[in-house]
Amino acid sequence: MQIAFRTHDLGVKGLDNAIQKAEACGISAVQLVAYKFLDEIKYAPGALTEENSAVIGNALKTAGIAVPLIGAYFNPVHSNKEKVLACKAVFKDYLKYSKNLGCNIVGSETGSFNDDKWTYNPLNRTEEALQTVIETFKELASYAQSVGAYIGMEGAAGHVCWNVATLKRAVDGVNSPNVKVIFDIYNYLDASNYSNYLEILDEGLKTFAGKIVVFHIKDCVFEDGKLKQVAPGKGMFDFDKILSKIKAYNKDATLVLEGTTGDDIVPCSKFIRDKWNSI
């Protein structure tokens, strides 16, 4: 099992600072989101290059820090089509140079008609929205195959692929061996289904057997009629059951503690590792 954190959740900017923070916290793997912790690399076509990707990857490798996933998230149903084209170009840059960065999987969620808010819109649950996602990721999967990389698709309740079934339709529609899945239980929850989180996990593990490359690990509480994310171990999730199910699925699973920051990093990492080792 591998525990990882997003580079921008480390709370520092710059490659050297991120490596130093990771080493200080005992972190040996990161979900790399270059444009969110490196000011010199913008989210724009051509910003990631052969040269700077090699510098980043070599520095992480030298420090003994693995990269199980690269983030280049974008909104494929954004109303600004020029922005969508630019984002697809960025995503292809990350696919092209993914191996330089130390990984061959680049991930994204499936977007929302609320554009930059990435929140629920009734249009997200239309057939037109799903087909747009499928066609977009077909193009990216084809490019990924040409450069020997993979795309990771992630669902979320407020997005086009709002449950396990719609993400399965999208993955099946793209129909490429170069498509993998990023699974996040919390993402699929809302006020109507949060008590069913273990059943949703079971559904995902069964539906995406052999395709899940990363599990995003979070916790939550239900307050004032809505869910609120909290650090693992501080909410309502039964991690004995969650981790038992994941361990049975893949004893070498990668667990990214997405959104765990600051003083929570070290104790939450220990909490998850201790739980995993005890089940």
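Biologist: Among contacts between residues at least 6 apart in sequence, what percentage join residues at least 24 apart?
Modeller: That comes to 76% for this chain. Keep in mind that we're looking at a predicted model.

Biologist: OK. How many helices and strands does the chain have?
Modeller: There are 10 helices and 10 strands.

Biologist: And what radius of gyration does the chain have, next to what a compact globule would have?
Modeller: The chain comes out at 18 Å. For 279 residues, a compact globule would be near 19 Å, so the two agree. If you want a box, the C-alpha atoms fill roughly 45 × 45 × 35 Å along the principal axes.

Biologist: How much of the chain is buried?
Modeller: Buried residues are 51% of the 279.

Biologist: Let's go inside. How many residues are in the largest nonpolar core, and which have the most contacts inside it?
Modeller: That core has 93 residues, and the ones with the most contacts inside it are Tyr-94, Ile-151, Met-153 and Phe-183. Helix H6, residues 127-146, gives the largest share of this core with 8 residues. As background, nonpolar side chains in soluble globular proteins tend to be buried together.

Biologist: Which residues is Tyr-94 in contact with, leaving aside its neighbours within four places in sequence?
Modeller: Going up the numbering, Tyr-94 touches Ala-34, Tyr-35, Ile-41 and Leu-48, then Ile-70, Gly-71 and Ala-72, and also Leu-101 and Val-106.

Biologist: Where is Asp-115?
Modeller: Asp-115 is in the loop between strand S4, residues 105-109, and H6.

Biologist: What about Trp-118, where is that one found?
Modeller: Trp-118 is in the loop between S4 and H6. Its phi is positive too, near 55 degrees.

Biologist: Is Asp-115 buried or exposed? And why does Trp-118 count as partly exposed?
Modeller: Asp-115 is buried, because its relative accessible area of 17% is under 20%. Trp-118 has 23% relative accessibility, so it falls between the 20% and 50% cut-offs and counts as partly exposed.

Biologist: Last one, on charges. How many positive and negative charges are there, and how far apart are their mean positions?
Modeller: The chain has 31 positive and 33 negative charges, with mean positions 3 Å apart.

Definitions and conventions:
Residues numbered from 1 in each chain as written. Predicted model: local features only at pLDDT ≥ 70, side-chain atom pairs only at ≥ 80, totals over all residues. Heavy atoms only, no water. Helix = DSSP H or I, 4+ residues; strand = E, 2+ residues; numbered from the N terminus. Rg over C-alpha atoms; globule rule 2.2 N^0.38 Å. Buried < 20%, exposed > 50% of the residue type's maximum accessible area, 1.4 Å probe, protein only. Contact = heavy atoms within 4.5 Å. Lys, Arg positive; Asp, Glu negative; His and termini not counted. Charge placed at Lys NZ, Arg CZ, Asp CG, Glu CD. Core = buried A, V, L, I, M, F, W, Y, C linked by side-chain atoms within 4.5 Å.
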